[in-house]
Amino acid sequence: MVTNGRLGRTSPDERREHILAVAAEAFALEGYGITSMSTIAARLGGSKATLYKYFSSKVELFQAVMQRKSEAVIGPLEELADTSKDPEALLIAFGTIFLSRLCQPDALDIHRTVHGEGQRFPEVARTFFAYGPDVAYALLTPALERFHQEGQIDCPDPRLAAEQFFAMVRGDLHMRVSSGLIPPPSDAEIERQVSHAVRIFVRGIAREA
């Protein structure tokens, strides 16, 4: 649990990071709908006026939380997408990072929030896709397009292929974990899930001899 505390003695950057940590915990524990700027300010031990200096609305604050969570995944994926020369190696690395991060407690909290409240609060679903899946798709798509143009794979619709690849990686495993039916997978279980998805996917985009 994030420790509450006054913000006055910290730098602006430290205050912002603390606000994001406290807000993320509030959204996870109480839900987006119930959580208000007032409750977040109370958790911070400060005033709403201080909170509004950094974020003008709950929507903006939730977007910032999602962006911060996304950065932990996107950074490694960006480097892989730009440097990888081998489609199968890229897909294994992408899938492993992606699934490992999806099964972390904070990512599971976000997934549950989106599925529980996305219909009542469309901004939650829009923010989730903008900073989550859509970013991952946008990173893998040009890499698949590059491999297709180089003649390594047959993938005329790389965006659709990227969407389907990540869906294969998540599979039934992530749905059961996020539903609380099973605990988060071990590294070996993630490797098994990703390797199997990659084998099937690579065969589907292989060029005919």
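The secondary structure of the protein chain comes to 10 helices and zero strands, where helices (H or I, at least four residues) and strands (E, at least two) are DSSP runs numbered from the N terminus. Read along the sequence, the pattern is α-α-α-α-α-α-α-α-α-α. Please keep in mind that this is a predicted model, in which local features need pLDDT of at least 70 and side-chain atom pairs count only at pLDDT 80 or more, while totals for chains, interfaces and linings use all residues. Residues are numbered from 1 along each chain as its sequence is written, and side-chain values use heavy atoms, with hydrogens and water left out.

Let us begin with the whole chain. The C-alpha trace spans about 65 × 35 × 30 Å along its principal axes. Of the 209 residues, 39% count as buried, that is, under 20% relative accessible area with a 1.4 Å probe and protein chains only. Contact here means heavy atoms within 4.5 Å. Among contacts between residues at least 6 apart in sequence, 65% join residues at least 24 apart.

Now to the helix packing. Two packed helices are described by the angle between their axes and the distance between the axes. Axes are lines fitted to C-alpha atoms, for helices over the stretch in contact, and angles run from 0 to 180 degrees between N-to-C directions. Helix α1 (residues 12-30) and helix α4 (residues 58-83) have axes that come within 9 Å and cross at roughly 100 degrees. The two are therefore roughly perpendicular to each other, a label for angles of 65 to 115 degrees. On the α1 side, the contact is made by R16, E17, I19, L20, A23, A24 and F27, and on the α4 side by K58, L61, F62, A64, V65, R68 and K69. These residues divide into nine nonpolar, no polar and five charged; Ala, Val, Leu, Ile, Met, Phe, Trp, Tyr, Cys and Pro count as nonpolar, Asp, Glu, Lys and Arg as charged, and the others, Gly among them, as polar.

Leaving aside neighbours within four places in sequence, E123 is in contact with Y32 and V59.

Finally, the pockets. On a 1 Å grid over the protein atoms alone, a pocket is an open set of points where a 1.4 Å probe fits, with protein on both sides within 12 Å along at least five of seven lines, and lining residues have an atom within 4 Å of a point. About 520 Å³ of space lies in the largest pocket. Of its 26 lining residues, F98, L102, F128, G132 and P133 are the closest to the centre. Helix α6 gives the most to this lining, with six residues. The second largest pocket has a volume of about 190 Å³, and among its 14 lining residues A24, E25, A28, K69 and D109 lie nearest the centre. Two or more residues of that lining come from each of α1, α4 and α6.

Key: Parallel < 35°, antiparallel > 145°, perpendicular 65-115°, else oblique. Points joined across faces, edges and corners; volume = space filled by probe spheres on them. Buried < 20%, exposed > 50% of the residue type's maximum accessible area, 1.4 Å probe, protein only.
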